[in-house]
Amino acid sequence: MHKNYTHITKSVDVFMDKSVISKINVLIHRDPQHECGGIFIGNVSQDSITGKHTIYIHDLYSEERLGTRSTFEFTTDYQMNAVKYVKKNCPEYHIIGNIHSHAQYQAFWSEQDKEMMRQARDNGFYMVVSPKYGTWTAIFKDMDFNFYHCDLKVADDTECEHMFERYVESVEETPPFRKERTFQTASYRVNHNYTDVQQREMDKRFLHSIKELSDKKVLIVGAGTIGNLLAEYAMNSGVGNLCIVDMDAYHYWNLPRSSMIEAHAQEKPKALELAKAIAERSHFPMQVTGINADICELGWGFFKNFDLVLSPVDSAAIRQYIDRGCKLYHIPHVTCGTGIIDQSFTGNIVVFPAQAVVDLEYVWGTGYRNKLEERRSCSDIAEETQAQVMSFSAQIAGIAMDLALKILREQDTDKHTVWKYILNAVGNGYERDNAALRLYKYGKRPTAIKSELYDVFEPEKEITRVTFDRSQPKHVLWEKLNELFGENIYSYALNLEWSLNIPIAYHSTQALAKLEVTMDSGVDENLFKLPDCHVYLVEGDERDYLIELQFTDSENTEA
Amino acid sequence: MRDYSMDLAKIAANIVTDVMGSGLTAEVRYSNDGNQVIMEFDGYPLWKSRRKGKVFVQFPRSTFYMRKGNVHFNALQQAQCRYYQEEMGKPFVHPHVYGDGHPCWDNGKRERATDFIANIVETLSLQNVTEASVMVGRCASGIMGVQMEALKNAQQHQKAIISALKPKAFISDRRELESYVSKRWCSRISILTRAA
C-alpha cells in the first residue's frame, strides 16, 4: 500500500464526459462550506497486451446530501440508490468509483480517504476536489491494490482547464516597469465559466450585462478603507482587469475597517493582500494585480494602461499627482476621501471625465504644495481608529463607484464637466437635510486664474514622446531636446517639481528640484531614480515644453 | 552657446571672496552629473589647524539662471545646499551644518540672490553662530561642542578667520552686508545682461 502515493510511477488514461463535469460543478458548489460526494458510473478496461487501464466516466450519481465541514460518508443506502440508478438509466455501465469535495480545504488524500480506498477490492477511480481553490486530484486503484496516476481528459476534446466552474491561478505578469525596480507584485486570473442559462439569469439582475465591463481596466490607488470597498464594488460589477497600488501594510489598527481583508493579512502589504482577497472572492472572470509601491515611483506613464483611475488616498499631494497624470493622458479620474470636521464625518468625491476642463488644483485651490508634509499614509497616524468610519466610507465609496460605472459604461455624455460632491454626516447620521449632500459643477475653465497645469498643457495637442537610454551620456538627450525645440541653449532643465516627482524633488536629503540636461554632460545616475515613463516640464529659454520621456535602457544597464 | 548659469554662479562666488577678503580664492564648476554648482573656496583657515584649506559650497544649478534676457534666482530648500571642507563629502565644521553637509537655515530671509550670497558669507565667517542660535536654535552638529561651548569655539574660529582673511568690516552687520552684496550683484548682472 503506498501510504503517501509518492512512489506511483504508472498512469492510466481517464476520459470523462463533459456532462459529468457539469454535474460535479453543481454538486460541489451547492454548498461549498460542507463536504459532499457522488458516485462515478462508467467502465474500466485493460489493454490485454500492455496491461494499461483505461477508465471512461459516463455519468455521476449524486444526491442532495451534505456531510460536515470535514467529512462525508457514502452510506449504504446512498450506494444502493446508486445501484438502482445504474440499473435503470445506464445498465451497460458500472459503478467504478467516487468523488467527494473538501469544502474549504485543498484537494488531498486524507487518512480517511486512504482507508476508504483500502476497503474495496475492486478497480476504483477516486477523485477529491476543492470548491474553494478549484484544485483536484485523482487516483486509480486496481484489484490488486496497485495505484496509478490519472491522465484525465474530457471525452469531447474540451480542455481540462475548464473542468470546474471557477478556479484562480497566479499569473506571471510582465510589470509595466523595469525589472530592476524591486516592487513586489502579485497577479491572479480568476476563471469563472457560467453556463448560458446561468449567464442569462445573472444578466437579468444586472443593469448592464456581466460581460459589459470585462474588457475594462481600472486602477485603484489606495487599499485602505475606501479602497477595499471600491475594489469590492468593482469586482462585483464585472470589471475585467483591476490593479491595486499601495505602499503600506495592514496593521491591527486598520484591519477592522478593511472590509475585504482577514486577520492573517496583518503586517502584510496592503496591495498584495487586497488583490489576493479579490481573486478569492470574485464571482466573475477577471485579472487582478496588486503592486506594493509608491504610485509616484511608477510614473504617469503607468496610467496609460487604464480606462479609469480611482484614488481613495489620504494624501493631498498624492491625489494631485494622480490627477495631473490623468489630465495629461486624458484618463477619467474619480477621487474621494473622508475626514472629520467639528467631530462630524465629511466626505468628498470629485469626478473628472476624460476631457475635464479643470484639474484638482483648481477645485481645491492652490497651496497643495504646503500640504506635502502632511500624512502620506494611514500608517503614519496609528491612534485614529475611527470606529464609525465604515458606514460613512461605504456611502462615499458607493457614490464614487456609481459615478465610475457610468464612465466605464460610456454613459457620460458630458466629457468636460467636473463634478464635486460633498457629503456630510449630519448629527449621528440619522438626520439628513438638503445641506447633507452638496453638489458643485465646474463646466468652464477660468481664464483669469493661473493654473500650473493648463498654463503649459494644451489638451487638444498630443504630448511629444522622447525615448532615451539612461546608460548614455546626458548630452545625447540634450541633442534630442535641442532638435525638437531648436532653442540652441546650453541647458534645458527638467522641472521635477512641476512633474511632481515627489520622492525625488521633496526628499528630506539630496532633494533635486530640477535636472539639468546640458550639451556637455555625461551619464547622470539621478535619471535612474526617475520612473520609466513620465511627463516632464522642460524649461527652455524662450518657453516651456511638455514631453513624455520614456527610458529605454539597454539590458546591461545598472540601475 | 553661453552658459549663463555658470556666469551667474561665478559672479556670486566672486562677491563672496570680495567680502571675505583677498586671502580666499574661488573656482566654480559643475558636479559630474551637471545638476549641481560647486563653489570651491581655497585659502580658508581650517578649524583646529594651522593649515589653510578648501571649503566647498554646493547648490542646484538651477539656483541662478537666465531666461529671456532676465536673471532669475530660485530660492532653494536647505536640503538642496551642501557645505563641505577639505574634500567633497566631508562636512564643513560649523555648529549649524549637519553631518551630511546641509545647513540649518536660520529664520532669516532667503528669497533673493542677495540673501543666499549673504548666507554663504555669514556661514563661512561663522557670523550666524550666536547665543540664540546655539541655545534656542540648537546645534546641527556637535563638532564644535554644543550650546555655549559651541558659541565660544565659533567665536574663536571667527577671530582666526578675520585675522587670516581680513574680510570687510561689515560682515557682522547683516543689513550692511546685504546692501553691499545687493549693489555688487545688481551691478555685475547688469553687465552680464547687457552683454547677452
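User: Buried means under 20% relative accessible area, exposed over 50%, and partly exposed in between, with a 1.4 Å probe and protein chains only. Which is Leu126(B), buried or exposed?

Analyst: Leu126(B) is buried, because its relative accessible area is 0%. This is a predicted model, in which local features need pLDDT of at least 70 and side-chain atom pairs count only at pLDDT 80 or more, while totals for chains, interfaces and linings use all residues. Residues are numbered from 1 along each chain as its sequence is written, chains are lettered from A and ligands numbered from 1 in the order in which they are written, and side-chain values use heavy atoms, with hydrogens and water left out.

User: Where does Leu126(B) sit, and what is its phi?

Analyst: Leu126(B) is in the loop between H2 and helix H3 (131–135) of chain B. Helices here are DSSP runs of H or I with at least four residues, strands are runs of E with at least two, and both are numbered from the N terminus. The phi of Leu126(B) is near 60 degrees, which is positive although the residue is not glycine.

User: And Lys166(B), what about its phi? Buried or exposed?

Analyst: Phi of Lys166(B) is also positive, near 55 degrees, again in a residue other than glycine. Lys166(B) belongs to the loop between helix H4 (147–165) and H5 of chain B. It counts as exposed because its relative accessibility is 61%.

User: Back to H2. How do H1 and H2 of chain B pack?

Analyst: Helix H1 (residues 4–20) and helix H2 (residues 113–124) of chain B pack at about 40 degrees, with axes 10 Å apart. So H1(B) is oblique to H2(B); under 35 degrees would be roughly parallel, over 145 roughly antiparallel, 65 to 115 roughly perpendicular, and the rest is oblique. Axes are lines fitted to C-alpha atoms, for helices over the stretch in contact, and angles run from 0 to 180 degrees between N-to-C directions.

User: What about H1(B) with H5(B), what angle and distance?

Analyst: About 145 degrees, with the axes 10 Å apart. The crossing is right-handed. Residues in the contact include Tyr4(B), Asp7(B) and Asp18(B) of H1(B) and Arg184(B), Trp185(B) and Arg188(B) of H5(B). The contact of H1(B) with H5(B) divides into 12 nonpolar, 1 polar and 4 charged residues.

User: Thr193(B) next. What is it in contact with?

Analyst: Leaving aside neighbours within four places in sequence, Thr193(B) touches Met66(B), Gly69(B) and Val71(B). Its C-alpha is 6.4 Å from that of Gly69(B), which is 124 residues away along the chain. Thr193(B) lies in helix H5 (residues 174–195) of chain B and counts as partly exposed because its relative accessibility is 28%.

User: Switching to chain A. How many helices and strands?

Analyst: 12 helices and 22 strands. Of its 559 residues, 54% count as buried.

User: Which residues of H1(A) are buried?

Analyst: Val20(A), Ile21(A), Ile24(A), Asn25(A), Leu27(A) and Ile28(A). Their cover includes strands S1 (11–16), S2 (37–46) and S3 (53–62) of chain A.

User: And how do H5(A) and H10(A) cross?

Analyst: Helix H5 (residues 225–236) and helix H10 (residues 389–408) of chain A cross at roughly 45 degrees, and their axes come within 9 Å. They are therefore oblique to each other, and the crossing is right-handed. By class, the contact of H5(A) with H10(A) has 12 nonpolar, 3 polar and no charged residues.

User: What comes after H10(A)?

Analyst: Glu410(A) follows H10(A), with a positive phi near 60 degrees.

Note on methods
Contact means heavy atoms within 4.5 Å. A crossing is left-handed if the near helix is turned anticlockwise from the far one by less than a right angle, and right-handed if clockwise. Ala, Val, Leu, Ile, Met, Phe, Trp, Tyr, Cys and Pro count as nonpolar, Asp, Glu, Lys and Arg as charged, and the others, Gly among them, as polar.
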